[in-house]
Amino acid sequence: MNQAKPFNWLGWSSFASLLLFWEFGARATPKFELYFPPVSRIFSALGQAFAAGSITQHALVTLARFAEGFLLAALLAVLAGVILGYFRFLHSLLATMIELLRPMPSVAIIPVAILLLGIGDGMIVSVTVYASLWPILINTIDGVRNIDATLIDTGRTFGLSRWRILWQIILPGASPFIATGLRIGLSIALILVTTAEMIAGSQGLGFFILDEERAMNSANMYAGIVVVALLGYVLNRLFLMIESRAMKWRHGMIARQAA
């Protein structure tokens, strides 16, 4: 049975100490308050923004774009990764193109996306799909290619169809790699959504942060950054919780093998 992970008192204590240092440091040097307002003022601005409903609307827009982009990227990348991992010829055919496109900073594609798709949700979602697709694709390919060929040959010997081999052997075997790619892609998707909103958005948390910075409302700007950070933390924790439940069968198998 998995034991609950102990609460990280040391980590949270060091984080609280940093906030306290920020609070008293900002109050001790008023000339820097425009750039680093006290933490209490940031959270006060955050509370006012939530009470007014403005930041909630921006957060919902960002979440909708994030969900659409990430889910599309996951679907396309896992499907393409399984195909490329299973059919070696196709992987060899496309490997050079993948290795050339994958390292390119994803923000560099934003001007191209604006040129082709204009300014709007379609552009932001497309950029998010492009950016978060690569880690999922690469990890899925590696996961499929690391499956013991004997397992697939055994499935064929027992007369399993290609669909059943995919569903019962390939996907379960590659699932740890796929989960790793999804977790990396999740954080990249949130980064690209907010970045694209800063560059070409009229709604969303990225737009809110940049708009408040331009208006010199630094407390509101930091409040938007806090919301993005909290979203990233919550999404990551939710993913880990879902992954833990979905991969429970694998943890049990490893435990039985180690016994």
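Biologist: Is Glu-197 buried or exposed?

Modeller: In this predicted model, the relative accessible area of Glu-197 comes to 0%. The cut-off for a buried residue is under 20%, so Glu-197 counts as buried.

Biologist: Which side chain meets that of Glu-197 in a salt bridge, N to O?

Modeller: Glu-197 belongs to helix H8, residues 162-200, and the partner belongs to helix H3, residues 54-86. The contact runs from N to O at 2.9 Å. The partner is Arg-65.

Biologist: Is Arg-65 buried or exposed?

Modeller: Arg-65 has a relative accessible area of 6%. That value falls under 20%, so Arg-65 is classed as buried.

Biologist: Which residue is linked with Arg-65 and Glu-197 in a network of salt bridges?

Modeller: Arg-65 and Glu-197 meet through their side chains. The network takes in both of these residues together with an aspartate, Asp-121.

Biologist: What separates Glu-23 and Arg-27 along helix H1?

Modeller: The side chains of Glu-23 and Arg-27 form a salt bridge of 2.6 Å, N to O. Both lie in helix H1, residues 9-28, and they are 4 residues apart. The separation is therefore about one helical turn.

Biologist: What is the N to O distance in the salt bridge of Arg-102 and Glu-99?

Modeller: Arg-102 is partly exposed at 35% relative accessibility, and Glu-99 is partly exposed at 42%. Their side chains meet in a salt bridge, with an N to O distance of 2.8 Å.

Biologist: How many salt bridges does the structure hold?

Modeller: Among them are the pair Glu-23 and Arg-27 and the pair Arg-102 and Glu-99. The structure holds 4.

Biologist: What is the phi of Met-216?

Modeller: Most residues other than glycine have a negative phi. Met-216 is not glycine, yet its phi is positive, near 60°.

Biologist: Where is Met-216, and is it buried or exposed?

Modeller: Met-216 sits in the loop between helix H9 (205-214) and helix H10 (218-246). Its relative accessible area is 51%. The cut-off is over 50%, so Met-216, in that loop, is exposed.

Methods
Residues numbered from 1 in each chain as written. Predicted model: local features only at pLDDT ≥ 70, side-chain atom pairs only at ≥ 80, totals over all residues. Heavy atoms only, no water. Helix = DSSP H or I, 4+ residues; strand = E, 2+ residues; numbered from the N terminus. Buried < 20%, exposed > 50% of the residue type's maximum accessible area, 1.4 Å probe, protein only.
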